[in-house]
Each structure stands twice: as structure tokens, then as C-alpha cells.
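I opened a new notebook page for this structure.

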Amino acid sequence: MASLLWLLIPVVAAVGASLWAVWAGRNRHKTGDVTELSGYERFREAMEKSHSGT
């Protein structure tokens with residue numbers, strides 16, 4: 001009976017690891033490229049403004 005308990009530990013660990021992998025790999029938000037590109041454009045404009053005076 002004790003040997004079955006020792007075999008149960010890796011099985012529980014494997015199930016826990018697979019559940020964590022599914023949770024960690026989920027797609028949290030779907031913003032798309034439009035939001036990222038607009039943020040990059042604002043960044044470029046801010047960098048151009050700060051260097052235009054030199």
C-alpha cells in the first residue's frame with residue numbers, strides 16, 4: 001500500500017504541472033496589433049520631439 005502512495009505522488013505532480021501549463025499558456029487578452037502600433041507611434045513622436053531641439 002505504501003508503494004502505491006509513492007507512485008501517486010508523481011502522478012499528482014504531473015497533473016498539477018499540466019494544469020499549470022494550461023493556465024500559464026492561455027491567451028490573456030486579445031488586443032491585436034492596432035493598440036501596439038499606436039503605442040509605438042506615440043513613442044516615436046515623443047522621441048522626435050525631444051531630439052528636434054538639438
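**Salt bridges.** I looked up the salt bridges to begin with. This is a predicted model, and I find 2 salt bridges in it.

I took the pair Arg-44 and Glu-41 to start. Their side chains meet in a salt bridge at 3.9 Å, N to O. I checked where they sit: both belong to helix H2, which covers residues 33-51. They are 3 residues apart, about one turn of the helix.

I then went to Glu-48. Its side chain meets that of Arg-44 in a salt bridge, at 4.0 Å from N to O. Glu-48 and Arg-44 also both lie in helix H2, 4 residues apart, again about one turn. Which residues do the shared partners join into one network? I note Glu-41, Arg-44 and Glu-48.

**Overall make-up.** I stepped back to the whole chain. I count 2 helices and 0 strands in the protein. What share of the 54 residues is buried? I get 0%. The accessible surface comes to about 5300 Å². Carbon and sulfur atoms hold 68% of that surface.

**Nonpolar patch.** Next I searched the surface for nonpolar side chains that group together. I found a patch made of Leu-5, Leu-8, Val-11, Val-12, Val-15 and Leu-19. Together these residues have about 570 Å² of accessible area.

Leu-5 is located in helix H1, residues 2-24. Its relative accessibility is 54%, and the cut-off for exposed is over 50%, so I list Leu-5 as exposed.

**Loop.** My last stop was Arg-26. I place Arg-26 in the loop between H1 and H2. What does the side chain of Arg-26 reach? I trace it to the backbone oxygen of Trp-23, at 2.6 Å. The relative accessible area of Arg-26 is 38%, so I record Arg-26 as partly exposed.

**Recap.** Helix H2 holds both Glu-48 and Arg-44. The nonpolar patch includes Leu-5. The side chain of Arg-26 reaches back to Trp-23 through a backbone oxygen.

Terms used: Residues numbered from 1 in each chain as written. Predicted model: local features only at pLDDT ≥ 70, side-chain atom pairs only at ≥ 80, totals over all residues. Heavy atoms only, no water. Patch = residues over 30% accessible without salt bridge, like charges linked within 9 Å, V, L, I, M, F, W, Y side chains within 5 Å. Areas by Shrake-Rupley, 256 points an atom, 1.4 Å probe, with all protein chains shown as cover. Buried < 20%, exposed > 50% of the residue type's maximum accessible area, 1.4 Å probe, protein only. Polar contact = N/O pair within 3.5 Å; in protein donor to acceptor, adjacent residues only side chain to side chain.
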